[in-house]
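Here are my notes on this model, point by point. Please read them with the coordinates open.

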Amino acid sequence: MSEMENKNTPQNGELHPEESDALHEAKPVSGLYENWFLDYASYVILERAVPKIEDGFKPVQRRILHAMREMDDGRFHKVANIIGQTMQYHPHGDAAIGDALVNLGQKDLLIDTQGNWGDTRTGDSAAASRYIEARLTKFALDVVFNKDITDWQTSYDGRKQEPTSLPVKFPMLLAQGVEGIAVGLSTKIMPHNFCELVQGSIDVLNGKRPKLYPDFITGGLGDFSQYNSGKKGGKIRLRAEMEVVDKSTLAITSVPYNVTTGSLIDSILKANDNGKIKIRKVEDNTAQKVEILVHLKQGVSPDVAMDALYAFTNCEVSISPNCCVIIDSTPQFVTVSEVLKISTEHTVELLRQELEIQKRTLEEKWHFASLERIFIENRIYRDIEECETWEAVIATIDKGLEPFKKHLMRKVTEEDILRLTEIKIKRISKFDIQKAEEIIAKLEADLDEVKNNLTHLTDYAIRYFEQILKNHGEGRERRTEITQFDTIKARRVAAANVKLYMNREDGFVGTSLKKDEFICDCSDLDDIIIFRTDGKFIITPIGEKTFVGKNIIHAAVWKKNDEHMVYNVIYRDGKSGISFGKRFSVTSIVRDREYDITQGTEKSEIIYFTANPNSESEMVSVNLHSSVKARKKAFDFDFSELAIKGRGVKGNIVSKYRIRKVTQREVGESTLGGRDIWLDENIGRLNTDRQGRFLGSFNTDDSILVIYEDGSYELTDFELTNRYKLNEIKLLEKFDPVKTISAIHYDGGAKTYYVKRFLIETMTRGRRFGFISEERGSKLPLITTDSHPVMEFNYRTKRGEKKTRRENLTEFVDVKGWKANGNKLGNYLRISGFKWIETERVDEISGETASGEELSLFN
């Protein structure tokens, strides 16, 4: 080899220079990254995270169910064995398969479980896969599988065939719910009630538009007013169920969806550590049912504590649904109503395919049964005895069938003739024509039924869903109660966990100034309002130490939109020297911004200031300075003559002369009157927002009268944090001490109805007093505070005749003490149908009803 050749030949495995240049040719990484990223994102979206709308399953769920169907023999299988079987189809390892399988089993719909499968309420995980077992439910076998209408694809390694989607004839996606996070995309579809989905599908088939709301296996309470049909941007609020055990104990009897008892208790303890609520201890007694006991500190109201638990702990959670599904290999955002409609239409199409297959099968059976009958009944088999070749046999049979072909459903094929030649002599010899006719008639009847179902496919689908509800709906009633929640304002229910202090001269307020003047106990969520002698005021959040300006004259907790807090002020204008009086309220402001209640001139100052929580007016004595020339140097000024206006109003002139001193002479009445209170009967809460039934205008000493179904009454205050269980309440109204209460009650011991009228004599708030018998079976059919109560009831005579009687209770019984039983209603048989009658409806002329029944009237 020449020297030149040695130079051009690569040594020791080196690349040829031209090859090296080609290998190191620059390639755009951005283009490669873009393609790779899109490929990866598409794979995660389509093959891992987001379910298909056709069957509602993610790929791993579909493969698990397919593997279990292949293994199904009616008995339980070890989960480890199911995982191994599924790995033939799913390439992502046993951990992902095991987690998905446990998740399916815990939903209690498609998989029967045996062993410790964990608990979604407590967060306990399932036992190892070798210790637990599973099999398909009867429901899964009924609605999920049918190999004849399943589309198949090759598995990841090319060894097996797996379904592209399962032929699910049910809105499975909405029944189970799903969550998934992909690349730049997520889905969160809530589970819905089984029975409501079936009924919803029937409504869709009937042309109606059903409304669907989530239902969770954990139960609890749900406010779905902003559900927005599960579309992106909606919101649902879930609450744990709570009840008052006694005045110092609350019991939590359910947990919200995706919240465990452990995380709930942790959130309660954290809120207590942060001072948001005040509790002594928490007990977890959860076993078959959830029971968490919250023991309150002394003096804490159970109603306020309940609201605080909802406001500051996981007793209330918000979930934002995001209904994203794969439609035609593309992720799309839809509503649950659209999912139900698509699923129902898909079910109808699957039912049509099954009917078509069934129709073809029946037609084939009828065709061969008819051929067999013709072949044997007409002894065509004898014609082939002299045939010497196979072709002659086929031709002879075909010729023998020729006269009958016009009566068949399709042409006779060579395969049909071959099947006829396979009929054994024994069958021919024992052929029963009558039985053959019965079989053919049965096939024709079945075929007619299938054809009718195909013609009336919608009606058939409705019957299919009704059968699902009948066979599988038992025990699947709604668990999450649909209700509406009030919005709990955190500041209103937060515990007073800090003490507020101020230094008037230096101008500091905060929780750390413990050596200075104490203002009040409050929450660290509160805002405080501060007024200074120069006429400036500011509202700021509570902090450890905040400078708000020197010479503070008033500092207190500020409540937004509180129109009843009225400030009475006399200030001197720095420019003119004139003193003005004004009344105003501060309902809304910008935090940490100074406002001026004077005219803003230099050297203006506050002479007199009071804060009045119920808009009280007042009479003050004004003393002028001794050096002024005014004839009258002392006079009274009545704030009740001033209208309550905005903080920027100038005010009325009190005096043009210099004022030496202003002292309060007397406190007047509330200018705005009482606070108007309404009862929202949907949620059992009081409000000032005009929601629900108007109870009245309440002053400081007023109360609410509550009469319960068990025959007890209670007086409560009108705090907006009060909670009333209206299903246990017979009457709720503003308390009027002069109103007489009229009641009809049944004494379970004496087995007798009594009528009583009484006044409320006990004025203790927050304590219940029973005014009927405590014997078992005692009850309170009617109660009213009407001044002229007239009652109607039904009874039976000794002859069994039904009669109606009315009684005017003001004449029937006198007003007695609240503990008295009252007067017996009478010795009537089988009394029923108690109701109040409006007094103007009472016929004062006739003593009988329209039907001629006896009527007793007292006018």
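1. Helices (H or I, at least four residues) and strands (E, at least two) are DSSP runs, numbered from the N terminus. Two strands pair if DSSP finds at least two bridges between them.

2. A word on the basis. This is a predicted model: local features need pLDDT of at least 70, side-chain atom pairs count only at pLDDT 80 or more, and totals for chains, interfaces and linings use all residues. Residues are numbered from 1 along each chain as its sequence is written, and side-chain values use heavy atoms, with hydrogens and water left out.

3. Strand 34 (residues 675–680) and strand 35 run antiparallel and are joined by three bridges. Which residue of strand 35 is the bridge partner of Trp678? Asn687 is.

4. Two bridges link strand 19 (residues 508–510) to strand 23, and the two run antiparallel. Phe508 stands opposite Phe547 of strand 23.

5. Strands 10 and 11 form a hairpin. Two residues connect strand 10 to strand 11. Strand 10 (residues 242–246) and strand 11 (residues 249–252) run antiparallel, with four bridges between them. Met242 faces Ile252 in strand 11.

6. Now the helices. Helix 4 (residues 59–71) packs on helix 5 (residues 79–86) at about 110 degrees, with the axes 9 Å apart. Axes are lines fitted to C-alpha atoms, for helices over the stretch in contact, and angles run from 0 to 180 degrees between N-to-C directions. Helix 4 is therefore roughly perpendicular to helix 5. The classes are: under 35 degrees roughly parallel, over 145 roughly antiparallel, 65 to 115 roughly perpendicular, the rest oblique. The crossing of helix 4 and helix 5 is right-handed. A crossing is right-handed if the near helix is turned clockwise from the far one by less than a right angle, and left-handed if anticlockwise.

7. Helix 4 gives Arg63, Ile64, Ala67, Met68, Glu70 and Met71; helix 5 gives Asn81, Ile82, Gln85 and Thr86. Five of these residues are nonpolar, three polar and two charged. Ala, Val, Leu, Ile, Met, Phe, Trp, Tyr, Cys and Pro count as nonpolar, Asp, Glu, Lys and Arg as charged, and the others, Gly among them, as polar.

8. Helix 5 also packs on helix 6 (residues 94–106). The angle is about 125 degrees, and the axes are 10 Å apart. Helix 5 and helix 6 are therefore oblique to each other. Their crossing is right-handed. Val79, Ile82, Ile83 and Thr86 of helix 5 meet Asp94, Ile97, Gly98 and Leu101 of helix 6. By class, that contact has five nonpolar, two polar and one charged residues.

9. Helix 16 (residues 433–455) and helix 17 (residues 457–472) have axes that come within 5 Å and cross at roughly 100 degrees. Helix 16 is therefore roughly perpendicular to helix 17. Asn453, Leu454 and Thr455 of helix 16 touch Leu457, Tyr460 and Arg463 of helix 17.

10. Last, the aromatics. The structure holds 30 aromatic pairs. Rings of Phe, Tyr and Trp (its six-membered ring) pair if their centres lie within 6.5 Å; planes under 30 degrees apart count as stacked, over 60 as edge-to-face and the rest as tilted. Phe170 and Phe194 have ring centres 5.0 Å apart and planes at 25 degrees, so the pair is stacked.

Conventions: Contact = heavy atoms within 4.5 Å.
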